[in-house]
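Please consult the sequence and the model while reading.

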Amino acid sequence: MSGSNNNNNNSALATIQSLPKAARNLIAGGLAGMIAKSFVAPIDRIKILYQVTSAKFRLRDVPKVAYSIIEKEGWSALWKGNTATMIRVFPYSGIQFMVFDYCKTIFLLRDKKEHQQLKVTAATTTYADVAGKRHNDTLQNHGTIDNPHSNTTTTSQHHDNSAKGGLSPIDSLISGMAAGSISVL
């Protein structure tokens, strides 16, 4: 019996892996959003109860309200209304994650291309030095190599974030803003 279960799991995994990356990201983001929202559903339920009643909110009363819900309606009542939330959250979170990953990929490819262009520039400069042309003074003046005669060390202006496996803070902000904007539409 466990052998057929294992085959079914492998078949499902193979099916998911055969989907385009955007579809996999849509599913992964949607499921992650559903799990996150289900985790906080009891707190949301209590928040909504406070919003629709005249009771004054006090943080110290939250456990009492939760206990009251459990006592009157049972544990599952803490997740009342969660199904409707799941229907809303799955596409929202899925689209947001899919768009964020797409923007991240574009930024990382751009950074990789810039890094490759810097390698070509460095190789060309090295070749020119070997050929007898001295560019050290020019390079030192532009801050692309260390000046051995200076007390300060100059650093390259380029930061290769793709080598670290992430985006720069501004690229991450732009990706997140684009993902949030598109998922709201």
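Asparagine 82 lies in helix 4, helices being DSSP runs of H or I with at least four residues, strands runs of E with at least two, both numbered from the N terminus. This asparagine counts as buried because its relative accessibility is 12%; buried means under 20% relative accessible area, exposed over 50% and partly exposed in between, with a 1.4 Å probe and protein chains only. Leaving aside residues up to four places away in sequence, asparagine 82 touches Lys37, Ser38 and Ala41, where contact means heavy atoms within 4.5 Å.

The model is predicted: local features need pLDDT of at least 70, side-chain atom pairs count only at pLDDT 80 or more, and totals for chains, interfaces and linings use all residues. Residues are numbered from 1 along each chain as its sequence is written, and side-chain values use heavy atoms, with hydrogens and water left out.

Aspartate 101 is also found in helix 4. The two residues compare as follows.

| Residue | Relative accessibility | Residues touched, beyond four places in sequence |
|---|---|---|
| Asparagine 82 | 12% | Lys37, Ser38 and Ala41 |
| Aspartate 101 | 15% | Lys21 and Asn25 |

Aspartate 101 counts as buried because its relative accessibility is 15%. Its side chain makes a polar contact of 2.7 Å with the side chain of asparagine 25. A polar contact is a pair of N or O atoms within 3.5 Å; within protein, one must be able to donate a hydrogen and the other to accept it, and residues adjacent in sequence count only if both atoms are side-chain atoms.

Asn82 is also one of the residues lining the second largest pocket, together with others including Lys37, Ala41, Trp79 and Thr85. A pocket is an open set of points on a 1 Å grid over the protein atoms alone, where a 1.4 Å probe fits, with protein on both sides within 12 Å along at least five of seven lines; lining residues have an atom within 4 Å of a point. Helix 2 (21-52) and helix 4 (82-130) are the elements that give two or more residues to this lining. Helix 2 gives the most, with six residues.

Of its 185 residues, 22% count as buried. Residues 24 or more positions apart account for 66% of the contacts with a separation of 6 or more.
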